[in-house]
Amino acid sequence: MSETQRQLDRWTLMKVWIRLFFLQASWNYETMQGLGVAYAVLPGLRRLYPPQELPGVVADYSQYFNTHPYMTPSVLGTALKLQQEMAQGVTIGISPRQYSEMVMAPYAAIGDALFWGGLRPLAAVLSLYLAFLGVLWAPLVFFVAQAIPHLWMIGMGFYFGLRHGLLSVERIQQWKLSDKALQCKQVTMFALGGFGALLAVTGLEKANVSGIWAPGVLLSIAPMVYLMRRGVTPMLMVVVLVGAWACLYWSLTNVVFKPL
Amino acid sequence: MGGLALLCLSCGLDRTALLQFMIARPLIAASMAGWVLGQPLLGLQVGVSLELLWLAHLPVGASIPPDDTQIALGTITLAVLGMRIGALPAETALFTSLLLGLILGQAGRFLDHRARQWNARMVLRVPDLVEQGEFEQLERLHLRGLLHFGLVSFLSFLVIVLPGTGLLYLGRDLIDKWLTPLSSVGVLLVPLVGVAGIWAQNRSHSRSALFGTGFVLIWALLLVWK
């Protein structure tokens, strides 16, 4: 295989892209996504290197790697472009491994903030409105609201990485994903407040109390927020709240309103 | 039962190991299980109750949130069984199953941790395989991780459903007497904790003002509407 023949074709890139969906199959505490990265890029590396050169190259990819799974295609797209240039004998300033090590932590932070911390809660809260009203296709709304940005990022991230190489970092910066994450969080808080009101009014009505007292429930959420910020787990909070509700209910029915 | 097992496996894998299309989220997983078990509305209610609870617990690095997927699937299964074998009213079955699912489901985190440890032991072989150029074996090794994640998904589900069913059956009279009066409001307490959890983790500017505005707006709309 001459150096000029070392080129990634579309079919190979498609195989790599499909394998990206299996990235975390062997997620572990040692190399985290490392083995998954090696698994994903193997078709590309096989295309670029003769068998005797492969072990040295694959060894670089099977080391520790950890970033947000939706951001990985962007990292690996660029790494593969750099790898192709290296295989063709082009002098590059940074190796694919150095590049991956450099961007995986910032990309993880962006991905966590946008997808896990921003879009997912927003999609969840908006779907919960529908679900709470008994709309049976609410889960489908939730699924689509998450699947579109997921697929877009997996597809476009990989494409931009391959097409623009190191410049893909600038492209991703231009998308201002961190700002979008912040906007999502703000909209989520607004929608969450509304959902809290929906829960409060429904709960009060089920307890035969007028919904006009719902702000009282809001006052009970605030201490929960305080405690959870100080490390009280949701599980413990549920146990305490159910216990408190049981005590309140039994004291009201057996003591305060005890039948004569 | 086959449909439920398939759902348990596919949602369990989607959670971390495969695709990550988020069908593992409680709202989606419980709703699909509700359809499979012939109780779509109950599935939706389980999803609403559990969706927000650990949503703010991000799977960052080695931090593993509780397995809310199997908790959701286990809870809806228990709720349906509670109605069928325990002859409990739907709301009581839902409330009891939520409590059982939340408590028994804590084992899921341990099992999830175990799958990652099995994978960690597995990757110790990777340097040798790479050096020897055994790349097909390397690929198989990676895919074996799916078996580990799939297995612990099943186990997490069984850890909830098997003891949970026993408790529902044996304690059905006590449950009916003590938990039925608490159920209608009780089922709303779980999502309320979820709301507080999201608020607690949200660090955006003006979060409390935004939450308060949303609350007051919907509250006012509901009062006017009703």
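Let's start with a handedness. The crossing of H2(A) and H8(B) is left-handed. This is a predicted model, so keep that in mind throughout.

Who touches whom here? From H2(A) come A:Leu35, A:Gly36, A:Ala38, A:Tyr39, A:Leu42 and A:Arg46. H8(B) answers with B:Phe135, B:Glu136, B:Leu138, B:Glu139, B:Leu141, B:His142 and B:Leu143. Sort the residues of this contact and you get eight nonpolar, two polar and three charged.

Now zoom out to the whole interface. Interface size is often quoted as the accessible area lost when the parts come together. For chain B and chain A, the area buried is about 8200 Å². Carbon and sulfur atoms give 78% of that. By residue count, chain B puts in 90 and chain A puts in 91.

One more spot across the chains. A:Val225 sits in helix H9 of chain A, residues 214-229. Is A:Val225 buried or exposed? Buried, because its relative accessibility is 4%, and the cut-off for buried is under 20%. Set aside its neighbours within four places in sequence, and A:Val225 is in contact with B:Ala196, B:Trp199 and B:Ala200.

Next, a helix pair inside chain A. Two packed helices are described by the angle between their axes and the distance between those axes. H4(A) is residues 72-87, and H5(A) is residues 96-132. Their axes come within 9 Å and cross at roughly 170°. That crossing angle makes H4(A) roughly antiparallel to H5(A), because the cut-off is over 145 degrees. The crossing of H4(A) and H5(A) is right-handed.

On the H4(A) side, the contact uses A:Ser74, A:Val75, A:Thr78, A:Ala79, A:Leu82, A:Gln83 and A:Met86. On the H5(A) side, look for A:Pro96, A:Tyr99, A:Ser100, A:Val103 and A:Tyr107. The tally for this contact is eight nonpolar, four polar and no charged.

Over to chain B as a whole. How many helices does chain B have? There are 11, with zero strands. Along the sequence, the pattern reads α-α-α-α-α-α-α-α-α-α-α. The C-alpha atoms of chain B fill a box of roughly 70 × 50 × 25 Å along the principal axes. Of the 226 residues in chain B, 58% are buried. Take the contacts in chain B with a separation of 6 or more: 73% of them join residues 24 or more positions apart.

Last stop, some backbone angles. Most residues other than glycine have a negative phi. B:Gln20 is not a glycine, yet has a positive phi of about 55°. B:Met22 is not a glycine either, and has a positive phi of about 70°. Where is B:Gln20? In the loop between helix H1 (2-15) and helix H2 (26-36) of chain B. B:Met22 is also placed in the loop between H1 and H2 of chain B. B:Gln20 is buried, with a relative accessible area of 7%. B:Met22 counts as buried too, at 4% relative accessibility.

Notes:
Residues numbered from 1 in each chain as written. Chains lettered and ligands numbered in written order. Predicted model: local features only at pLDDT ≥ 70, side-chain atom pairs only at ≥ 80, totals over all residues. Heavy atoms only, no water. Axes fitted to C-alpha atoms, helices over the stretch in contact; angles between N-to-C directions. Helix = DSSP H or I, 4+ residues; strand = E, 2+ residues; numbered from the N terminus. Parallel < 35°, antiparallel > 145°, perpendicular 65-115°, else oblique. Left-handed = near helix turned anticlockwise from the far one by under 90°. Contact = heavy atoms within 4.5 Å. Nonpolar A, V, L, I, M, F, W, Y, C, P; charged D, E, K, R; others polar. Buried < 20%, exposed > 50% of the residue type's maximum accessible area, 1.4 Å probe, protein only. Buried area = accessible area lost by both parts, 1.4 Å probe.
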